[in-house]
Amino acid sequence: MATSGVREDKYRTFLYGEGEKNTKWRYGSPPNYDDVNKLFEEGRTKVWPSGSLEEKVQNLVKTWEMEMFHKTCFDDYKSVDPKNYTFSLNGRKPVTLEEKRKLGGGHNTFLQTTLPEKFRAYNPAQETVDSAQVAFTTAFPRGFALEVLQVYSGPPVIVYKFRHWGYMEGPFKGHAATGEIVELYGMSIFEVDEHMKVVKVEFFIDRGELLGGLMKGATLDGSTAEAASTCPFLRGTG
């Protein structure tokens with residue numbers, strides 16, 4: 001059977017095709033999700049029926065995540081309404097896209113903390129979007145897969161439970177790779193408009209669940225992990 005020759009991703013839209021020919025990509029070209037898609041398919045605990053609400057929400061979240069991490073121009077975002085969009089973590093004050101960028105963007109947005117700096121095993125205030133990307137892609141060379149575990153309500157206010165996971169096969173912030181699975185569970189709320197554009201996002205996660213798994217390995221550089229080793233809140237505080 002003949003094919004169109006246009007590359008597609010099974011779980012994400014607004015990644016390839018004519019509509020993305022002028023998109024400004026953070027690293028010069030669209031990201032390749034082949035490895036993380038394989039990890040997802042091998043490790044997921046739910047296989048949602050095609051066309052189900054759960055599958056639609058899962059694909060929306062994957063598309064949203066791709067755009068947030070890899071598109072540098074707000075006008076290129078197609079899963080969200082850039083002018084009305086806000087993001088909130090763990091009940092904090094909502095921020096706009098521009099304010100989110102000032103927080104460091106990418107992983108740093110999800111790892112905001114009120115811990116004193118000397119106790120921060122990972123300090124988003126000292127990371128850029130690129131340094132954070134290097135740190136996490138080094139630790140998770142096959143990616144950090146996402147699945148939706150349950151959808152509690154559908155549009156316009158989507159409430160869902162999710163699971164992220166990956167295998168720590170590279171070092172992270174002075175800690176050796178363990179080869180073990182690292183998981184992160186959480187809840188999220190996506191509010192969409194009449195065009196199914198995301199206008200409001202709220203995440204509720206425990207960053208210590210992620211960082212604790214990444215800092216179980218042997219210390220490669222004693223000074224790098226000194227603060228983490230003295231932190232009594234590493235696993236329990238987000």
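Rings of Phe, Tyr and Trp (its six-membered ring) form a pair if their centres lie within 6.5 Å. The close-up views below are taken from a predicted model.

**View 1. A cluster of aromatic rings.** Ring pairs join Trp64, Phe69, Phe87, Phe110, Tyr160, Phe162, Phe190 and Phe203 into a cluster. In the whole structure, a search finds 18 aromatic pairs.

**View 2. The pair of Phe110 and Phe203.** A pair of aromatic rings is described by the distance of the centres and the angle of the planes. For Phe110 and Phe203 the ring centres are 5.1 Å apart and the planes stand at 85°. Planes over 60 degrees apart count as edge-to-face, so this pair is edge-to-face. The pair links distant parts of the chain, with Phe110 in helix H4 and Phe203 in strand S5 (residues 198-205). The two residues are 93 residues apart along the chain, while 8.2 Å separates their C-alpha atoms.

View 3. Phe110 belongs to helix H4. Its relative accessible area is 15%; buried means under 20%, so Phe110 is buried. Phe203 has 5% relative accessibility and therefore also counts as buried. With neighbours within four places in sequence left aside, Phe110 is in contact with Trp64, Phe69, Phe87, Leu89, Phe203 and Ile205.

**View 4. Lys100 over the face of Phe87.** Lys100 is found in helix H3 (residues 97-102). This lysine lies over the face of Phe87, at 5.9 Å from the ring centre. Lys100 is buried but has no salt bridge. Glu65, the nearest side chain of opposite charge, is 10 Å away. Not counting residues up to four places away in sequence, Lys100 touches Met68, Phe87, Val95, Gly105 and Thr109.

**View 5. Arg12 over the ring of Tyr33.** Here the charged end of Arg12 sits over the ring of Tyr33, at 3.7 Å from the ring's centre.

**View 6. The buried side of helix H5.** Helix H5 spans residues 129-139, and its buried residues are Val129, Ala132, Gln133, Ala135, Phe136 and Ala139. These residues cover an arc of only 165° around the axis, which puts them on the same side of H5. Among the elements that cover the buried residues of H5 are helix H2 (53-70), helix H4 (106-110), strand S3 (157-167) and helix H6 (207-214).

Note on methods:
Residues are numbered from 1 along each chain as its sequence is written. This is a predicted model: local features need pLDDT of at least 70, side-chain atom pairs count only at pLDDT 80 or more; totals for chains, interfaces and linings use all residues. Side-chain values use heavy atoms; hydrogens and water are left out. Buried means under 20% relative accessible area, exposed over 50%, partly exposed in between (1.4 Å probe, protein chains only). Helices (H or I, at least four residues) and strands (E, at least two) are DSSP runs, numbered from the N terminus. The arc is that of the directions from the helix axis to the C-beta atoms. Contact means heavy atoms within 4.5 Å. Rings of Phe, Tyr and Trp (its six-membered ring) pair if their centres lie within 6.5 Å; planes under 30 degrees apart count as stacked, over 60 as edge-to-face and the rest as tilted. A charge sits over a ring if NZ of Lys or CZ of Arg is within 6 Å of the ring centre and within 35 degrees of the ring normal. Lys and Arg count as positive and Asp and Glu as negative; His and the chain ends are not counted. A salt bridge is a side-chain nitrogen of Lys or Arg within 4 Å of a carboxyl oxygen of Asp or Glu.
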